[in-house]
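Me: Please examine the model shown below and answer some questions on its charged pairs and helix packing.

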Amino acid sequence: MADICTAYVLKGRVILNRRYWYVLLTYFAAYFSSLIGAPILMGILRAATDLSDKQLITYASVYWSVFSNLVAVIIIWMLLRKQPRTTKIEKGEPASVGKSVAYAVLGFVVLLFGQSISVFIMGLFGISGLSPNTEMLGELARAVPLMIVFTSILAPILEEIVFRKIIFGGLASRMNIHVAAVISSVFFGLMHMDLTFLLVYVVIGLILCYIYTKTKRIAVPIAAHMLMNVLAMVGQFMLGGGS
């Protein structure tokens, strides 16, 4: 029996190995776990504190998001720490540390530019304002600053591993790399449950796919994604500072 670290091959094409499926299962389990975990935690907080109902919902949502996603990051790290580089994207020599840092910083700048262009295009169709998803995360972070750990650290790590390394990398090994980038980026956008701003998320996904492809290091799009989310949270704090 082949080792679970080994990629399965069908007619010469690499498909997802078993550990990658475990990673996807872990991610989606953490993603939907709040449906059960947050209410349980809310009950515990109600019994142990004098928080209002609104505060209970906020604190339970934040604490559970951080806890469940931290556990997911640990599990996924254990699954992938000895995983060989098997996808088409990972073939070849990874970018040097210096080049990787440059791509992360420049990628961050391009992400901002890409978002601006997307928002401009959406404005032509009468869509304006901030993404409801970003506003909601900003409100939670202002109420409970611990949420910043989720938005700026845990979420970028999980999303890049799932949508870039596994979904994009797996699809690119079986089809045209550009088609794979579009499909994985659409999935990335849909998972944010914000269809009005889908274009923004798809553009972000495409840019991160490009960064991953050019550097062959998943840490690079993770870093660019973290910088982008940190800036978004800073903006939310500034916008909400007087409220």
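**Salt bridges and a helix crossing**

Reply: Arg164 is buried, and Glu160 is buried too, where buried means under 20% relative accessible area, exposed over 50% and partly exposed in between (1.4 Å probe, protein chains only). This is a predicted model, in which local features need pLDDT of at least 70, side-chain atom pairs count only at pLDDT 80 or more, and totals for chains, interfaces and linings use all residues. Residues are numbered from 1 along each chain as its sequence is written, and side-chain values use heavy atoms, with hydrogens and water left out.

Me: Which residue forms a salt bridge with Glu90?
Reply: Glu90 lies in the loop between helix 3 (53-80) and helix 4 (97-124), and its partner is in helix 6, so the pair ties together parts 75 residues apart in sequence. Both partners are buried. At 2.4 Å between the closest N and O atoms, the partner is Lys165.

Me: Is Asp53 buried or exposed?
Reply: Asp53 forms a salt bridge with Arg46, with 3.6 Å between the closest N and O atoms. Arg46 is partly exposed at 45% relative accessibility. Asp53, at 52% relative accessibility, counts as exposed.

Terms used
A salt bridge is a side-chain nitrogen of Lys or Arg within 4 Å of a carboxyl oxygen of Asp or Glu. Helices (H or I, at least four residues) and strands (E, at least two) are DSSP runs, numbered from the N terminus.
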